[in-house]
Amino acid sequence: MIKTVLFDVDGTLIDTEQAVIQSFRDTMGIDPSVSDEELHFILGIPGVKVLERYSDSREEIQKLLELWVDKLGSYGKDVQLFPGIFPLLEQLQVREYQLGIVTSKLRTDMANTLEAFGLSNLFTVVITASDTEKYKPNPEPILKALELIDADPQETIYIGDSIYDLQSAQNSQVAFALAGWGAKNHEKFAQVHQLAAPEDLIYYLEG
């Protein structure tokens, strides 16, 4: 029986795809001939890991990361909760599920996001890329969340939209369901349960 529900953020709770991609283009001066699809690899992993593909200098990576975060802020109007997410979280809370977040966002960015969308009081635990040494698909972020709230992996499900989310869940030995409303390349997830819309999670958990 599932008692704890953990969520990814970008592409799962919040639609940030265009904001992330466009701000990355601005930061790195990506040639317009490069398609958005070719940049999908930047979604779902910490910005530091993305930038390590472009530089070996820790100082340069930090400067690029700060610039990227600044550029991302200018696309705030393009960032929205996916339809149905807020009612879903409220229903889960009423049903006394323990809710948490495991994300590749940095702590400050995540705090701003929670406040902006009125989500701060809905989650028992929030694990960001600032809180662990290793990142998804490593199990450390999910396992740290479980440790902090004393949750049983066998009673936990992780909801995410990327292959990194799936692998992190598998490596943590928790159940996984795909946020189909935000996921790309659904064929990669043929062996896992796919949720077409946020409200489907309630039926999946209790149906």
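**The nonpolar core**

Mentor: The largest nonpolar core has 30 residues, and those with the most contacts inside it are V5, F7, L92, F123, I159 and L201. A nonpolar core is a set of buried Ala, Val, Leu, Ile, Met, Phe, Trp, Tyr and Cys residues joined through side-chain atoms within 4.5 Å; buried means under 20% relative accessible area, with a 1.4 Å probe and protein chains only. At least two residues of this core come from each of β1, α4 (85-94), β4, α5, β6 (156-160), β7 (175-179) and α8 (200-206). Helices (H or I, at least four residues) and strands (E, at least two) are DSSP runs, numbered from the N terminus. The most is given by α4, with 4 residues.

This is a predicted model: local features need pLDDT of at least 70, side-chain atom pairs count only at pLDDT 80 or more, and totals for chains, interfaces and linings use all residues. Residues are numbered from 1 along each chain as its sequence is written, and side-chain values use heavy atoms, with hydrogens and water left out.

Leaving aside neighbours within four places in sequence, L201 is in contact (heavy atoms within 4.5 Å) with V5, F7, L88, L92, I159 and L195. A second, separate core of 18 residues includes L6, A145, L146 and A169.

Strand β4 (residues 98-102) has 4 of its 5 residues buried. Strand β1 (residues 4-7) runs parallel to β4, joined by 4 bridges (pairing takes at least two DSSP bridges), and T4 stands opposite Q98. Strand β5 (residues 125-127) also pairs with β4 in the parallel sense, over 3 bridges.

Conventions: Buried < 20%, exposed > 50% of the residue type's maximum accessible area, 1.4 Å probe, protein only.
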